[in-house]
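Subject: Structure handover

Hello,

Here is the structure for your review. My notes follow below it.

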Amino acid sequence: MKKRFTLLSLLLVCSLPIFAQNIFTAIGDNDVQGVKFLLNRGVNLKAKDQNGNTPLIAAVKNNQDRIVNLILQTDVKVDGKDADGNTALMIAADKGNDVLVGMLLHYYPNTNAHNAGGATALMMAVNSGNANAVKSLLEHGANPKLKDKQHKAAIDYAKETDKQQMASLLDNTYPVTASIKNTGGTYAIPFQ
């Protein structure tokens, strides 16, 4: 009995890498344990699949919050791009996944990066209709005045698709002012 247990244990340990050989397969199968195993083994997070996706981008495209979180805890480049020039942040914004947008923003991605079509994560969040993602991106420095290759800014897309809430968010991105009351009166001081 002891020999069988030892043999079975050895077989199981040797077969673990076979089950999770490829990080993209593990991500596609939503195999959190397989991804964890591969990350612990030092898998190359700069690798790309046949579609040009990095492991982070593949996990974001599959809306796999737990796997994205695991990958972000490593030394991963959050601004890696897929074959179309999309970053993980752009994809999360385009999918309307404000949880992933928030998660990615904690790792200081370039919020103003452009894809091959010139679109930014903010433009994609506007198009997806996700007000929370738009707010988060603006709070983290996304520039609403940037234009894509069609010479359109995020507000142009909001107005085109009749997304009034998005347009009002984008219109309210003027510099913040604060009033300071002193003995001589009230003065407005712009914060830059």
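A term before the findings: buried means under 20% relative accessible area, exposed over 50%, and partly exposed in between (1.4 Å probe, protein chains only). This is a predicted model: local features need pLDDT of at least 70, side-chain atom pairs count only at pLDDT 80 or more, and totals for chains, interfaces and linings use all residues. Residues are numbered from 1 along each chain as its sequence is written, and side-chain values use heavy atoms, with hydrogens and water left out.

Helix 3 spans residues 32–40. Helices are DSSP runs (H or I, at least four residues), numbered from the N terminus. Val-32, Gly-34, Val-35, Leu-38 and Leu-39 are buried there. The buried residues pack against helix 2 (23–28) and helix 5 (65–72). Contact here means heavy atoms within 4.5 Å. Gly-42 follows helix 3, with a positive phi near 80°.

Ile-71 touches Ile-27, Leu-39, Leu-45, Pro-55, Leu-56, Ala-59 and Val-76, not counting residues up to four places away in sequence.

Now the loop between helix 4 (55–61) and helix 5: Gln-64 sits there. Is Gln-64 buried or exposed? Gln-64 counts as buried, at 7% relative accessibility. Leaving aside neighbours within four places in sequence, Gln-64 is in contact with Ile-27, Asn-30 and Ala-59.

Best wishes

Notes:
Helix = DSSP H or I, 4+ residues; strand = E, 2+ residues; numbered from the N terminus.
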